[in-house]
Amino acid sequence: MPPTLFSGAQAGRGFRLVLIFSGLALAASAEPTLANVNARATTSLNGKWHVIVDPYENGYYDYRREPYDAAAKPTGGYFLDHRPADKTELVEYDFDSSPTLNVPGDWNSQDEKLFYYEGTVWYRRRFDCAPSDPTHRLFLHFGAANYLADVYLNGRKLGRHIGGFTPFEFEITGLVKPAGNSLVVRVDNTRHADAVPTVNTDWWNYGGLTRDVTLVETPATFVRDYHVQLKQGSTDRLEIQLQLDGPQKQLAVALAIPEAGLTATLEPDTNGVASLELAAPALALWSPEQPRLYTVTLTAGADHLTDRIGFRAIAVRGADILLNGRSVFLRGICLHEENPFRGGRAYSEAEARQLLGWAKELGCNFVRLAHYPHNEHVARVADELGLLLWEEIPVYWTIAWDNPATLANAKAQLTDLVVRDRNRASVIIWSVANETPVSEPRTRFLKTLVDTARSLDDGRLVSAAMEVHTDPQDPNHKIVDDPFGAYTDLLSFNQYVGWYDGLPDKLPLVRWTLAYEKPVVISEFGADALQGFHADKLTRFSEEYQADLYAKTLAMLQKIPQWRGATPWILTDFRSPRRPLPHVQDGWNRKGLIGENGTKKQAFYVLQKFYEEKAAAKP
Ligand code: GCU
């Protein structure tokens with residue numbers, strides 16, 4: 001792994017901001033993300049935060065006495081968290097007496113007045129802070145905020161983050177007081193044509209501080225990033241890379257994997273970057289059947305990190321996907337990051353266990369985390385349960401392909417995802433897009449993302465949900481010759497024959513032309529069904545229709561010689577503003593195999609039976 005240089009190259013994620021704000025000229029930037037935050041000394045800042053809903057961006061307004069003095073300290077602006085000095089002072093906001101929202105959590109599902117809200121909400125949390133050691137460093141770490149976040153500490157802007165599903169943080173060493181620190185975050189979930197995703201998605205635009213907020217303390221010099229995995233193409237050699245951060249860049253780093261009887265010392269260079277290959281002859285390889293995790297420790301001076309890491313090899317050979325050298329069929333399902341009972345963004349380990357537990361019950365060894373990076377708990381729970389993962393960034397539908405800032409944003413989100421999860425054995429595929437109309441600028445944009453993923457991590461497959469088109473001479477002849485398929489390891493695509501394209505009785509008639517000799521993974525198929533609605537199998541939205549479509553689709557797919565996996569759309573119903581049909585959809589996409597009340601539909605059992613037979617079949 002080349003050193004993960006956290007430069008302005010990640011401008012989409014952490015702008016190097018030079019802000020002229022109310023006379024305050026600030027240069028701030030989002031710090032690169034600390035690896036494995038939960039293994040560190042942390043203080044949770046989760047809980048109830050006071051909020052001000054601000055659709056008119058009034059919070060930026062700076063009341064000033066005349067004459068205007070740009071250099072004077074602003075007395076306005078919600079970020080100042082200002083209280084009136086006396087009865088004469090005009091201040092038209094007050095966080096302490098404002099409503100509260102739970103953090104983590106989207107605002108849409110917490111307050112019905114905010115259900116459809118798109119705009120700015122100002123969050124404020126006060127905290128005390130006494131580092132355990134005066135030489136230690138302090139960071140504010142955010143699991144994610146959707147979509148744009150401006151972060152202020154004690155009235156001073158720390159920086160801005162763009163991207164609704166990836167972690168970010170700011171160093172606050174030397175900026176905190178022992179008590180009463182004011183942390184103000186402006187979150188704006190407004191959609192934009194040049195954003196990632198763009199203005200049109202088939203999921204709810206949940207806004208807010210949607211994941212954990214944590215105060216992290218580290219020694220002055222610490223291990224900022226590390227990557228410990230099998231060397232590509234090997235099952236008995238480890239490749240270790242790491243990066244130190246702090247004044248002692250060349251501090252020796254001790255690595256230990258006690259259960260494998262392995263120890264090593266790494267010697268970082270003047271940039272704090274070190275790499276090492278290590279013979280590891282006796283590793284038990286991770287797999288869905290045997291998800292073996294090893295305790296890995298890294299010690300650099302006073303910094304001591306522990307992680308649980310599995311080691312496995314993933315590769316493609318011709319039409320086969322090889323897991324630890326053996327051909328594997330991916331028995332998958334798609335998943336949105338949504339709490340299946342209350343709606344709203346899922347964010348907790350308990351929700352990850354609930355959702356992935358249902359996938360295991362379905363007979364899956366594979367899950368596609370659609371269409372954006374899910375919270376960090378999901379990949380760790382998948383490591384433990386033995387589920388392979390497809391992870392994705394929200395390059396979804398009609399992205400602004402020609403906009404350099406949009407590309408920088410997508411690259412930054414992909415970089416943050418790969419850096420966060422590349423020690424997770426469960427993750428086998430980085431997906432850079434979903435259903436993006438073919439064009440020269442689009443394919444160039446996606447190729448850049450493939451190169452980015454491979455430059456950060458050569459140990460996984462790269463793909464996307466690519467385009468299918470129909471032979472104009474024959475509606476039953478489906479063709480997959482997406483030019484982007486030349487750059488990916490898999491030939492993966494969504495197909496909805498029987499739902500958006502004809503009726504299920506079309507499925508047995510379909511034939512495929514595939515332009516690449518690569519493993520085929522069907523990244524979506526499915527049909528809507530309202531749980532509990534029963535009718536004949538030609539009645540739309542009935543459970544019978546959905547079940548029949550599943551049975552006929554699975555039969556059709558088995559005729560594709562290179563078929564090596566599927567992630568049907570989708571495990572559970574999920575909210576979408578695009579699904580208004582009264583008394584059937586009511587703002588929900590009903591393609592789930594499980595309804596919003598957690599009840600399984602008939603199609604769940606059709607797929608479960610198929611996966612049981614697939615798992616039992618001789619390899
Ligand atoms: C598309 C898209 C999904 C969407 C699904 C549907 O394939 O990838 O995000 O929800 O179809 O129409 O239900």
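A polar contact is taken here as a pair of N or O atoms within 3.5 Å, where, within protein, one atom must be able to donate a hydrogen and the other to accept it, and where residues adjacent in sequence count only if both atoms are side-chain atoms. The structure is a predicted model, in which local features need pLDDT of at least 70 and side-chain atom pairs count only at pLDDT 80 or more, while totals for chains, interfaces and linings use all residues. Residues are numbered from 1 along each chain as its sequence is written, and side-chain values use heavy atoms, with hydrogens and water left out.

The domain assignment divides the protein into domain 1 (17-218), domain 2 (222-312) and domain 3 (327-616), the bounds coming from an automatic or database assignment. The C-alpha centres of domain 2 and domain 3 are 32 Å apart, and 18 residues of domain 2 are in contact with 23 residues of domain 3, contact meaning heavy atoms within 4.5 Å. About 1400 Å² is buried between these two domains, with carbon and sulfur atoms giving 44% of that area; buried area is the accessible area (1.4 Å probe) that two parts lose on being put together, summed over both.

On the side of domain 2 that touches domain 3, β13 (222-230) and β19 (303-309) each supply at least two residues, and β13 gives the most, with 5 residues; strands are DSSP runs of E of at least two residues, and helices are runs of H or I of at least four, both numbered from the N terminus.

The interface also holds 3 salt bridges, defined by a side-chain nitrogen of Lys or Arg within 4 Å of a carboxyl oxygen of Asp or Glu, whereas the structure holds 52 salt bridges. In the salt bridge between Asp225 and Arg422, the N to O distance is 2.6 Å. This pair links distant parts of the chain, with Asp225 in strand β13 and Arg422 in the loop between α3 (404-421) and β27 (427-434), 197 residues apart.

The ligand is surrounded by 14 residues, of which the closest are Asp202, His371, Glu435, Tyr500 and Glu524, a residue being counted if one of its heavy atoms lies within 4 Å. A polar side-chain atom of Asp202 lies 2.6 Å from an oxygen atom of the ligand. For Tyr396, a polar side-chain atom is 2.8 Å from a ligand oxygen atom, and for Asn589 an N or O atom in the side chain is 2.8 Å from an oxygen atom of the ligand.
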